[in-house]
Amino acid sequence: MSELNDLEQRNNRVLRKLVIGSVLMFGFAFAMVPLYDVLCDITGLNGKTSDTAASGEVQMDEDRLVTVQFVTTSSGGMVWDFNPQVRSVKVHPGEITQVNFQVKNPADHTIIGQAIPSVSPGLAAPHLLKTQCFCFDNQTLLAGGEADMPMIFYLDPALPKHINTITLSYAMFDVTERVTGNKDKLAAR
Amino acid sequence: MTAVAAHHDHHDDHHHAPHGLKRWLFSTNHKDIGTLYLWFSFAMFMVGGFMALVIRAELMYPGMQVVDPEFFNQMTTVHGLIMVFGAVMPATVGLANWMIPLMIGAPDMALPRMNNWSFWILPFAFTILIGSVLMSAFGEGNPSAPNFGWTFYAPLSTKYGPASTDLFILSVHMMGISSIMGAINVIVTVLNMRAPGMTMMKMPLFVWAWLITAFLLVAVMPVLAGAVTMMLTDRHFGTSFFDAAGGGDPVLFQHIFWFFGHPEVYIMILPSFGIVSAIIPAFARKPLFGYASMVYATASIALLSFVVWAHHMFTVGMPLAGTLFFMYMTMLISVPTGVKVFNWVATMWRGSLTFELPMKWALAFVVLFTCGGLSGLMLALTPVDFQYHDTYFVVAHFHYVLVSGAIFSIFAAAYYWLPKWSGVMPNTFLGELHFWNSLLSVNLLFFPMHFVGLAGMPRRYADYALQFADYNWWISVGAFWFGISQLLFVAVCVLCAMKKGKKAEAAPWDGAEGLEWTVPSPAPFHTFDTPPVIK
């Protein structure tokens, strides 16, 4: 009989370890979220630019000219007309440039929008720095309202040499429900 | 591998075997639970197969023919989910339940009550999932079943998912819990319940393959549970894991999903490697060539499976260094896989080969799985993957490794061990018909998909450009042929279950070795109450 109890104890020991292991792996799935964010911040893996303002004090590199293209979309049922004032600009790394984006709300009610940036190629994302951007905060437009939203940026001279063209894309999302229904969370972000 | 029981005595007369419904509902017997798993997975194979035929009926001719595109999407989604989680995985768990205790000389699985629970969750999980399809087909207003593909990428499954996505999430959670419990049971059994003298390196390869599979399951099924939990909170509790508008990232979903998804591929195929490694030596009448290398190859495939996931998402716009890393790692997997294929061939080299049914299926597995492996190698190349991505070439690839790979090996296992399970030999005439019809039809069904894929036919659409019409007609003919051929296997199984056929001896295959052949056929309700002694 003691032999049986011994086996049961050994079984329970292994069982306990495996249950703990699977709970840890469940946690690992959630740990992947911040891990991914950190990895993306470092490498620009997902083409996301920083969501905080950069200082803007940097040496200009006049020997190099890089084309920066702008793409805009209204995503996920967003009705705004959303366009860049210019489709592309040629800049020297370190040169501070302002580009305005025009938005118009054709709807008959107030809409709060949030622009989400994405840079291609992704490796350029950490080198595209903004001192001011409408994408840092959400934007409110009254029914029929229009606005020119500024975005001021410069390219880090450390931008890899092989990158000569950068595409900066903005997807505009309707976050009215999210903001009005869930204020606390947005403030925390 | 030369393990032989010096003596065995079975006490089936001394035990009271329960009868009727209670026998199955409350069973803690590994053989009964194995049988339940196998029948359940077979039923799911038929349900998922029926959905595949709906898909092929629609695609037989260009234009809209049988179902509307919305329902077509639901069919592709639920077909994939049922085949992966309902057919292949439970079938291999059923084989593990039946065979692992018999192969290592254990009286039962280590945790029999948990074993009962892990099976009985499944019918409920699939009732929920299939229920959503039935509602879509017959319900008031035809509410959509899950329609985002079996990979349920966000935001299709979060922002744009139908209401039934929540049913899907619940059922995936249940399947996950069931798989994790089944895997834990296998690990505990293999580590603690081996008969005296059955050292790890004497274990049959099927046991090894399943032990490694079980570790994969414990490692990645919780990650899948995490992914669907995030979906649930994104859908209903205001989080933005995958919602770009709230600062999340839909590509993150793909990383989490494929971190589960790639090991999942090996979860489905490693047990097959074990099965084939049992059958080929038996009918070549030679011990398996390179036993130790097989064990190490299986383990290294499992380890590598954790660092290749992004080859499913080369086109999301990864940096070059990332694609190169995942490309090389993926191609590295072909080394241990090649070791296995060469070992099987070397086992047959100068063997006294005979071609009974299990051997036929196993050989078809080796050849066709290798075909699927080679197209996998093509897909692993990042530059060409950009052309193949999300085309029928991918569909051809994974059906070669899953249908003519995993499922053929499960058929091989069934023909090989049915004498032990049922006590009668499977009907040879029906079995031969089943084999030859399946072999020919599966190639007619999946081989032309390579060509239409290379020519640019995208997967998951209810319609296609006219130039693909001829190929698709033949593919659909192959599909119906393959589907109908499986009815022959129903007949084979029913005949065995009714004990109609030639009575099987304890060791019906003369070249087969292993402890399972030392107990009578059919295996008595209780075996190895006294552990066998392994030389």
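Trainee: Which strands make up the open sheet of five strands in chain A, and in what order do they sit?

Mentor: In this predicted model, the five strands of that open sheet in chain A follow the order β3-β1-β9-β5-β7, and their pairing is mixed. The edges are taken by β3 (88-91) and β7 of chain A, each of which pairs on one side only. From one strand to the next, the twist averages 30°.

Trainee: What does β5(A) do with β7 of chain A?

Mentor: β5(A) runs antiparallel to strand β7, residues 139-141 of chain A, and three bridges join the two. Ile111(A) has Leu141(A) as its bridge partner in β7(A), and the partner of Gly113(A) in β7(A) is Gln139(A).

Trainee: How many residues of β5 of chain A are buried?

Mentor: Seven of the 10 residues of β5, which covers 111-120 of chain A, are buried, and the strand is mostly covered. For β9(A), seven of the 10 residues are buried too, so this strand is largely enclosed by the rest of the structure.

Trainee: Now the other sheet, what is the order of its four strands in chain A?

Mentor: That open sheet has the order β2-β4-β8-β6 in chain A, and its pairing is antiparallel. Because β2 (81-84) and β6 (128-133) of chain A have a single partner strand each, they stand at the edges, and one side of each is left without a neighbour in the sheet. If direction is ignored, neighbouring strands of this sheet are turned by 25° against each other on average.

Trainee: How many bridges join β2(A) to β4 of chain A?

Mentor: Four bridges join β2(A) to strand β4, residues 97-104 of chain A, and the two run antiparallel.

Trainee: Changing topic, how is chain A divided into domains?

Mentor: Chain A has domain 1, at 1-43, and domain 2, at 66-188. The C-alpha centres of these two domains of chain A lie 42 Å apart.

Trainee: Where does Gln9(A) sit?

Mentor: Gln9(A) is in helix α1, residues 2-43 of chain A. With 10 other C-beta atoms within 10 Å, Gln9(A) is exposed, because 12 or fewer is the cut-off for that word. Its C-alpha atom is separated by 54 Å from that of Pro126(A), which is 117 residues away along the chain.

Trainee: And Trp517(B), buried or exposed?

Mentor: Trp517(B) is buried, since 23 other C-beta atoms lie within 10 Å. Trp517(B) lies in the segment after α14 (469-497) of chain B, and, not counting residues up to four places away in sequence, Trp517(B) touches Ala506(B), Ala507(B) and Ala512(B). The C-alpha atoms of Trp517(B) and Ala506(B) are separated by 5.7 Å, although the two are 11 residues apart along the chain.

Trainee: How many residues of chain B are in contact with chain A?

Mentor: 30 residues of chain B are in contact with 33 residues of chain A. On the side of chain B that touches chain A, at least two residues each come from α5 (165-192), α6 (205-236) and α7 (250-284) of chain B, and α6(B) gives the largest share, seven residues. That side of chain B divides into 21 nonpolar, seven polar and two charged residues.

Trainee: What ipTM and pTM does the predictor give the complex?

Mentor: The predictor gives the complex an ipTM of 0.89 and a pTM of 0.91. Chain B averages a pLDDT of 94, with 97% of the residues at 70 or above, but over residues 1-14 of chain B the pLDDT stays under 50.

Methods. Residues are numbered from 1 along each chain as its sequence is written. Chains are lettered from A and ligands numbered from 1 in the order in which they are written. This is a predicted model: local features need pLDDT of at least 70, side-chain atom pairs count only at pLDDT 80 or more; totals for chains, interfaces and linings use all residues. Two residues are in contact if their C-beta atoms, placed from the backbone, lie within 7 Å. Ala, Val, Leu, Ile, Met, Phe, Trp, Tyr, Cys and Pro count as nonpolar, Asp, Glu, Lys and Arg as charged, and the others, Gly among them, as polar. A residue is buried if 20 or more other C-beta atoms lie within 10 Å of its own, exposed if 12 or fewer, and partly exposed in between; C-beta atoms are placed from the backbone. Two strands pair if DSSP finds at least two bridges between them. pLDDT is the predictor's confidence in each residue, from 0 to 100. Axes are lines fitted to C-alpha atoms, for helices over the stretch in contact, and angles run from 0 to 180 degrees between N-to-C directions. Domain bounds come from an automatic or database domain assignment.
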